[in-house]
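Work through the exercises below with the model open in a viewer. Try each task before reading its solution.

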Amino acid sequence: MSQQAPLVQHFFDEPTNTYSYVVQDPDSKHCAIIDSVLDFDYAAGRTKTESAEAILAFVKEKQLTVEWILETHVHADHLSAAPYLQQKTGTKLGIGEHIKTVQETFGKAFNSGTEFARDGSQFDRLFADGDTFSIGHLEAHVLHTPGHTPACLTYVIGDAAFVGDTLFMPDYGTARCDFPGGDARTLYHSIQKIFSLADDTRIFLCHDYKAPNREHYAFETTVGEEKRNNVHVGGNTTEDEFVKMRTERDKTLDMPRLILPSVQVNMRAGNMPPAEGNGQTYLKIPLNLF
């Protein structure tokens with residue numbers, strides 16, 4: 001298998017500041033979709049598929065075959081469009097094996113009952129640290145990079161790494177660690193795993209919020225740039241310095257606007273909770289829990 005540079009097309013959902021990607025083998029028409037977005041109007045309780053349709057239109061235009069739909073983690077800031085994309089492409093859905101930990105935690109939080117399987121069976125592939133897979137002739141391997149959540153993965157595909165929320169642009173920093181199962185010290189060690197990749201490895205981010213004094217959104221950097229310049233963990237930042245900074249900073253942050261709907265949908269691989277007796281589907285809002 002080749003270690004070439006995949007062709008990467010980004011898609012940006014500004015309402016949730018989320019980047020999704022189509023990652024293509026340059027030697028074939030095979031590709032993967034990473035971290036898709038289901039449009040969600042929280043106030044109206046309505047979902048749309050415009051963001052997913054934009055991805056599908058690109059796939060159709062380029063005459064690509066989707067081999068994988070991949071999630072870097074259970075997102076707390078947007079709903080996944082994975083079921084819709086699977087319906088349209090008939091392909092496999094993958095996430096980290098520690099999704100089972102997340103499902104156990106949030107299955108209890110949302111009192112999901114016995115109907116909600118907590119074994120990751122909603123997904124087609126549960127990736128472990130060091131696992132490999134292919135996209136056409138492109139070789140990909142998996143790094144387990146927890147800290148933001150227990151199930152966070154980095155997908156290293158050719159010369160590109162898709163890091164989810166673990167890192168942001170160097171001028172913005174790193175992921176928060178105050179969600180259930182998050183841990184700042186664990187995140188520091190996960191980031192060191194990413195930093196062990198070659199300096200010229202391209203890093204593709206799941207989010208950008210524009211750092212102070214930066215007017216444009218950004219989604220791509222490199223391992224070397226992050227190692228040198230990341231404002232939270234770059235340079236000679238020690239583990240204890242990072243943990244102190246991250247813990248203190250997290251105490252000042254509000255919860256993400258869409259965390260309650262996002263988590264109970266995404267822990268089900270993007271599927272909605274089962275309809276109730278009247279045929280209507282509902283999302284729960286647990287009061288004073290988080």
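The exercises that follow concern a predicted model.

**Exercise 1. The buried face of α3**

Task: Find which residues of helix α3 (residues 99-109) are buried, and decide how they are arranged around the axis.

Solution: 
- Step 1. Apply the cut-off: buried means under 20% relative accessible area. In α3, I99, V102, Q103, F106 and G107 are buried.
- Step 2. Look down the axis of α3. The buried residues fall within an arc of 125 degrees, so they line one face of the helix.
- Step 3. An α-helix has 3.6 residues a turn, so residues three or four places apart point the same way.
- Step 4. Identify the partners. The buried residues of α3 pack against β7 (92-96), β8 (125-127) and α7 (259-266).
- Step 5. Check the end of the helix. Just after α3, N111 has a positive phi of about 50 degrees.

**Exercise 2. The largest nonpolar core**

Task: Find which residues touch the most other members of the largest nonpolar core, and which elements contribute to this core.

Solution: 
- Step 1. The core has 38 residues, and V22 and L85 touch the most other members.
- Step 2. Two or more residues come from each of β3 (30-34), α1 (50-61), β6 (65-70), α2 (82-89), β7, α3 and α7.
- Step 3. α1 gives the most, with five residues.
- Step 4. List contacts of V22, leaving aside neighbours within four places in sequence. Among them are L7, F11, I33, I55, F58 and L64.
- Step 5. Look for another core. A second, separate one has 22 residues, including C177, I194, L205 and V233.

**Exercise 3. Packing of α1 and α2**

Task: Describe how α1 and α2 pack, and which residues make the contact.

Solution: 
- Step 1. The packing angle is about 35 degrees, and the axes of α1 and α2 are 10 Å apart.
- Step 2. The crossing of α1 and α2 is right-handed.
- Step 3. α1 supplies A52, E53 and L56 to the contact, while α2 supplies Y84, L85, K88 and T89.
- Step 4. Sort the contact by class: four nonpolar, one polar and two charged residues.

Terms used: Residues are numbered from 1 along each chain as its sequence is written. This is a predicted model: local features need pLDDT of at least 70, side-chain atom pairs count only at pLDDT 80 or more; totals for chains, interfaces and linings use all residues. Side-chain values use heavy atoms; hydrogens and water are left out. Buried means under 20% relative accessible area, exposed over 50%, partly exposed in between (1.4 Å probe, protein chains only). Helices (H or I, at least four residues) and strands (E, at least two) are DSSP runs, numbered from the N terminus. The arc is that of the directions from the helix axis to the C-beta atoms. Contact means heavy atoms within 4.5 Å. A nonpolar core is a set of buried Ala, Val, Leu, Ile, Met, Phe, Trp, Tyr and Cys residues joined through side-chain atoms within 4.5 Å. Axes are lines fitted to C-alpha atoms, for helices over the stretch in contact, and angles run from 0 to 180 degrees between N-to-C directions. A crossing is left-handed if the near helix is turned anticlockwise from the far one by less than a right angle, and right-handed if clockwise. Ala, Val, Leu, Ile, Met, Phe, Trp, Tyr, Cys and Pro count as nonpolar, Asp, Glu, Lys and Arg as charged, and the others, Gly among them, as polar.
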